[in-house]
Amino acid sequence: MATAFFDRLADRIATIDSVVSVGLDSQLDRLPEHLQDHDLPQWAFNRRIIDATHEHAACYKPNAAFYESADGWRALRETIAYAHGKDVPVLLDAKRADIGNTTRQYADILDDVDAITVNPYMGHDSLQPFLDRADKGVFVLCRTSNPGRTDFQDLELDSGGTLYERVADRAVAWNEHNNVGLVVGATGPDELEAIREQVPSLPFLVPGVGAQGGDAKAAVEHGLRDDGVGLVNSSRGIIFAGEDKGEDFAAAAGQSAKQLKQRLNQYRGDDE
Ligand SMILES: O=C(O)c1cc(=O)[nH]c(=O)n1[C@@H]1O[C@H](COP(=O)(O)O)[C@@H](O)[C@H]1O
C-alpha cells in the first residue's frame with residue numbers, strides 16, 4: 001500500500017527541517033523578460049525556482065488558477081514531474097468540489113499530485129471522491145485569509161458556533177483515512193489558535209504569510225500539529241522576491257525561501 005500523504009510530508013519536513021510550502025503562483029505577465037520567449041515560460045520559470053528553493057520546500061503548491069490554458073497545463077505537468085524528481089510533494093491548490101459525478105472527474109488529478117485543496121460548500125458527497133483517495137492529502141477550506149472570509153465563514157449558526165467551526169468539525173468526521181487537513185489563514189491568528197484547540201488532530205495548511213502580511217509566529221505555533229506536521233505557505237513573497245533582479249531572480253527566490261524557513265524554525269518547538 002502507498003504511504004499516506006501526511007506520513008510522506010512528515011518525512012519531508014524532518015529531512016529538510018522546514019515547513020515551508022512554496023506557492024508556485026507563476027503569473028505569466030510577472031515572469032522575467034528573458035523567459036517570455038521560451039516555449040513554456042511558466043515551466044522555464046518554475047524549473048529555475050525549484051532548482052533554487054527545493055532544499056527549503058516541504059512542498060510546492062501550484063495554484064491551478066495560474067495554469068488554466070493549454071500551455072499552462074503543459075507547464076504545470078512539467079513542473080509537477082520536476083518537483084517529484086527533487087523528492088518534493090506537490091499540493092495542487094485547486095479549491096475543487098462539485099456534484100459527485102463531476103468531482104469524480106476532478107479527483108483524477110490526484111493520480112498526478114500528492115494533495116489538493118477543496119471547497120466544502122457543497123457538502124460531503126462533493127468531496128467523497130477526494131476523501132476516498134487514502135494515500136492523498138485533502139485540505140478543506142475552513143477559515144480563509146481574505147477579507148471577505150467574514151461574509152459566510154463567521155456566521156453564527158442556530159445550533160451554536162460559527163460556520164467555519166462547523167466545517168472543522170465535519171472535517172474531523174471526514175478523516176476516516178487520516179488524509180484530511182484544514183486550510184486556515186495566518187491573517188486571523190486568534191481564530192487560527194481557536195481552531196487548533198478545537199481540532200488538535202488535523203494538519204493545517206496556513207497561507208497568508210508574506211504578501212498578505214499574516215502572522216508567521218501564530219502560523220507555526222497553531223498551524224502545526226503536536227507532531228510538527230503542517231505547512232506554512234508563501235507564494236509571491238518567495239517566487240517574485242527577485243522580480244527586479246533580471247536573470248538573478250531564482251537566487252533571490254532561494255534566499256527568500258531560506259529566510260522564511262529560518263524565521264518559521266525559530267518558532268518550531270523541541271517536541272516536534
Ligand atoms: O488554499 C489556499 O492555499 C489559500 C487559502 C486562503 O485562505 N488564502 C490563500 O491565500 N490561499 C492561497 O495561498 C496563496 C497565497 O499567495 P501569496 O499571498 O502570494 O503568498 C494563493 O495561491 C492563494 O490562492
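This is a predicted model: local features need pLDDT of at least 70, side-chain atom pairs count only at pLDDT 80 or more; totals for chains, interfaces and linings use all residues.
Reader: What ground rules apply here?

Author: Local features need pLDDT of at least 70, side-chain atom pairs count only at pLDDT 80 or more, and totals for chains, interfaces and linings use all residues. Residues are numbered from 1 along each chain as its sequence is written, and side-chain values use heavy atoms, with hydrogens and water left out.

Reader: Which way do the residues of strand S4 point, and are they buried or exposed?

Author: Strands are DSSP runs of E, at least two residues; helices are runs of H or I, at least four, and both are numbered from the N terminus. Buried means under 20% relative accessible area, exposed over 50%, partly exposed in between (1.4 Å probe, protein chains only). In S4 (residues 115–118), Ala-115 and Thr-117 point one way, Ile-116 and Val-118 the other, and all are buried.

Reader: How many bridges join S3 to S4?

Author: Strands pair if DSSP finds at least two bridges between them. S3 (residues 91–96) and S4 run parallel, with 3 bridges; Val-118 is the bridge partner of Arg-96. S4 also pairs in the parallel sense with S5 (residues 137–143), over 4 bridges.

Reader: What kind of aromatic pair do Phe-6 and Phe-139 form?

Author: Rings of Phe, Tyr and Trp (its six-membered ring) pair if their centres lie within 6.5 Å; planes under 30 degrees apart are stacked, over 60 edge-to-face, the rest tilted. The count comes to 6 aromatic pairs. Phe-6 and Phe-139 are edge-to-face, at 5.6 Å centre to centre and 80° between the planes. Phe-6 sits in helix H1 (residues 5–16) and Phe-139 in S5, 133 residues apart.
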